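Hello,

Here is the structure I promised to pass on to you. Please have a look at it, and below it you will find my notes on what turned up.

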Amino acid sequence: MSDVVVLDYGSGNLRSAERALAAAGASVRVTDDLAAAAAADGLVVPGVGAYAACMAGIEALGAGPVIAERVAAGRPVLGICVGMQVLFEHGDEHGVVTKGLGLLPGGVTRLAATRLPHMGWNTVRAPRGSVLFAGLPEQSRFYFVHSYAMGDPAALAAAGATVTTAHHDTDFVAAVERGPLSAAQFHPEKSADTGAALLRNWLATLPSGG
């Protein structure tokens, strides 16, 4: 059974993520203990709300270097919602640009959509070779709640990432996989059976194989 830490930096659906990961077969702890975050088989970085507030929480905890060191060492990290967004170089909300962790290239901006937030179930388009979406049917549906996203899937793919997209008036990055780093703009913990399957796929990548 994999040892997974859900990082508590003051933002995120911590308990719902904990329950979903436990149901998927992990031994899960929600903690702000950076030593535990560094040592776990897998680290989950959740996040809800504003990009700047999430980055402030990460910086106050001093978690940025731990996340970066895990990725550099090839140790799995999963970002969820704003926890995905902060992995990019920056976020632009209401004209305020906030520096991110810089583990993925590019920035997060407001969706070019007539209806925001983008809230509810939507299909995604995963490419062949995706580990997160392995075994899931085409056009699988996941639960989204967001107004901002990484909006340049082609640039991210050109940087060597496996990019899954969704469409809400415009295409945007719904999930990304690059080496030990995985991330989802949607909430797998709120996405019923498809979300559970995705979490099981991620757990299978951990050193103990889930």
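Predicted model: local features only at pLDDT ≥ 70, side-chain atom pairs only at ≥ 80, totals over all residues.

Let me start with helix 4, which spans residues 64-72 and has Gly-64, Val-66, Ile-67, Arg-70 and Val-71 buried. What do the buried residues of helix 4 pack against? Their partners are strands 1 (3-7), 3 (42-45), 4 and 13 (181-184), together with helix 2 (34-39) and helix 3 (51-61). After helix 4 comes Gly-74, with a positive phi near 75°.

Next, Thr-98, which sits in strand 6 (residues 96-99). Is Thr-98 buried or exposed? Its relative accessibility is 16%, so Thr-98 counts as buried. Leaving aside residues up to four places away in sequence, Thr-98 touches Tyr-51, Ala-52 and Met-55, as well as Glu-89, His-90 and Gly-91.

The largest cavity holds about 40 Å³ of space, and its lining consists of Gly-12, Asn-13, Ala-17, Pro-46, Gly-47, Val-48, Ile-80, His-187 and Glu-189. By class, that lining has four nonpolar, four polar and one charged residues.

The second largest cavity has a volume of about 30 Å³. Ala-17, Leu-21, Val-44, Leu-78, Ile-80, Glu-189 and Leu-199 line this cavity. Helix 1 (14-23) and strand 4 (77-80) are the elements that each give two or more residues to its lining. Six of the lining residues of the second largest cavity are nonpolar, none is polar and one is charged.

The largest pocket has a volume of about 220 Å³. It is lined by 14 residues, with Ala-126, Pro-127, Leu-136, Pro-137 and Glu-138 closest to its centre. The lining of the largest pocket divides into seven nonpolar, four polar and three charged residues.

For the second largest pocket, the volume is about 180 Å³. Of its 14 lining residues, Gly-49, Val-82, Val-145, His-146 and Ser-147 lie nearest the centre. Helix 5 (82-85) and strand 9 (141-146) are the elements that give two or more residues to this lining. Its classes are seven nonpolar, six polar and one charged.

Best wishes

Note on methods. Residues numbered from 1 in each chain as written. Heavy atoms only, no water. 1 Å grid on protein atoms, 1.4 Å probe; cavity = no way out; pocket = protein on both sides within 12 Å on 5 of 7 lines; lining within 4 Å. Points joined across faces, edges and corners; volume = space filled by probe spheres on them. Nonpolar A, V, L, I, M, F, W, Y, C, P; charged D, E, K, R; others polar. Helix = DSSP H or I, 4+ residues; strand = E, 2+ residues; numbered from the N terminus. Buried < 20%, exposed > 50% of the residue type's maximum accessible area, 1.4 Å probe, protein only. Contact = heavy atoms within 4.5 Å.
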